[in-house]
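Welcome to my notebook. I went through this structure one spot at a time and jotted down what I looked up.

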Amino acid sequence: MSEHSANPSAAAATGRPRAVKAVIPAAGLATRFLPATKAVPKELLPVVDRPVLQYIVEEAAQAGLTDVLLITGRNKTAMVDHFDRRPDLEERLAKKPELLAAVQRTTELAEIHTRRQPEQLGLGHAVGYAASHVGDEPFAVLLGDEFVKLDQPLLPAMLELQARTGGVVLAFFEVDPAETSRYGIASVEPAESALTDIGEVVKVTGMVEKPKPEDAPSNLAVLGRYVLPGRIFDAIRRTEPGSGGEIQLTDAMELLRNEGVPVHAIVYRGTRYDTGMPLGYLQTVVQIAVEREDIGGEFRKWLAEFVNSDASGGPNT
């Protein structure tokens with residue numbers, strides 16, 4: 001069992017419900033990827049032969065979150081189409097069983113629902129649109145441009161932690177102290193001893209958005225995974241616009257923390273892929289390509305030759 005997995009029976013003993021739904025905010029304009037994202041949602045940009053969004057839904061499904069709500073925007077219906085049946089395509093692939101299985105698998109991962117966010121007014125605003133679908137139950141939020149390796153899961157431990165505490169659960173990863181100004185950084189203290197069997201758990205005492213290295217309370221940055229209690233929706237409704245004039249999820253969570261709701265986090269030590277910017281997207285494509293059994297060996301060989309040739313000033317094609 002992964003160090004980030006957990007025994008769900010421990011949470012069941014608390015009598016609290018365990019999150020079974022996932023929300024993926026995916027309404028943004030993805031201006032960093034224009035003009036590619038003028039017609040194609042950023043979430044559908046391919047990482048080898050699967051779109052980013054599929055990796056994220058696979059991560060949710062592996063953790064038992066097979067009820068997935070996509071918060072979408074205009075011109076993003078293709079995201080839903082990706083998880084829909086294509087009988088015509090399946091018929092043409094009848095004699096290609098491997099491809100047929102890959103196409104059919106997208107329809108079997110999860111039950112996909114959608115809600116449109118007419119204006120992009122912040123992450124908190126987007127998550128607020130899930131209220132009617134989620135109700136009062138806890139749920140997970142997975143940002144649409146980050147995912148982790150399936151054999152190094154993160155969500156199971158987060159779900160366990162939330163079921164035990166009933167509060168807000170975040171995920172952190174360590175960054176170089178010189179890079180804190182790029183991330184939301186947390187101030188933390190040791191978690192209660194009763195929670196340490198879940199993994200590397202810390203209690204969150206505050207959040208600072210993009211602090212200078214000398215002002216950063218730690219080097220723990222926020223990873224795009226949250227498990228939230230249903231009462232977050234009331235907090236979002238009471239949250240005033242903050243940074244950038246938007247309704248920030250961080251502000252709503254801080255409101256709950258100040259009202260006594262516990263906030264904890266899992267410190268994740270596994271592999272995290274960040275496709276939110278072109279450089280990170282390209283790094284993700286290369287990392288996953290070299291690990292593929294079918295193409296990894298040949299691609300790795302080509303990549304080494306390309307890099308060595310380019311470094312020596314020789315041909316690079």
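Before my first entry, a definition: a pocket here is an open set of grid points with protein on both sides within 12 Å along at least five of seven lines. I also note that I am working with a predicted model.

**Entry: the second largest pocket**
I looked up its volume and found about 650 Å³ of space. I count 21 residues in the lining, and Asp 49, Arg 50, Gln 54, Ala 102 and Val 103 lie nearest the centre. Strand S3 (50-51), helix H3 (77-82) and helix H5 (97-108) each bring at least two lining residues. H5 gives the most, with eight. Sorted by class, I get eleven charged, six nonpolar and four polar residues.

**Entry: Lys 76**
I next turned to the loop between strand S4 (67-72) and H3, where Lys 76 is found. Is Lys 76 buried or exposed? Its relative accessibility is 6%, so it counts as buried, the cut-off being under 20%. I see a polar atom of its side chain 2.8 Å from the backbone oxygen of Gly 28. Beyond its neighbours within four places in sequence, Lys 76 touches Ala 26, Ala 27, Gly 28, Pro 41 and Glu 43.

**Entry: helix H10**
Which residues of H10 (249-258) are buried? I find Leu 249, Ala 252, Met 253 and Leu 256. They sit on the same side of H10, because they cover an arc of only 95° around the axis. As a reminder to myself, an α-helix has 3.6 residues a turn, so residues three or four places apart point the same way. The buried residues of H10 pack against helix H6 (123-128), strand S8 (168-174), strand S11 (220-228) and helix H9 (232-237). After H10 comes Gly 260, with a positive phi near 100°.

Conventions. Residues are numbered from 1 along each chain as its sequence is written. This is a predicted model: local features need pLDDT of at least 70, side-chain atom pairs count only at pLDDT 80 or more; totals for chains, interfaces and linings use all residues. Side-chain values use heavy atoms; hydrogens and water are left out. Buried means under 20% relative accessible area, exposed over 50%, partly exposed in between (1.4 Å probe, protein chains only). Helices (H or I, at least four residues) and strands (E, at least two) are DSSP runs, numbered from the N terminus. The arc is that of the directions from the helix axis to the C-beta atoms. Contact means heavy atoms within 4.5 Å. On a 1 Å grid over the protein atoms alone, a cavity is a set of points where a 1.4 Å probe fits but cannot get out, and a pocket is an open set with protein on both sides within 12 Å along at least five of seven lines; lining residues have an atom within 4 Å of a point. Grid points are joined across faces, edges and corners, and a volume is the space filled by probe spheres set on the points. Ala, Val, Leu, Ile, Met, Phe, Trp, Tyr, Cys and Pro count as nonpolar, Asp, Glu, Lys and Arg as charged, and the others, Gly among them, as polar. A polar contact is a pair of N or O atoms within 3.5 Å; within protein, one must be able to donate a hydrogen and the other to accept it, and residues adjacent in sequence count only if both atoms are side-chain atoms.
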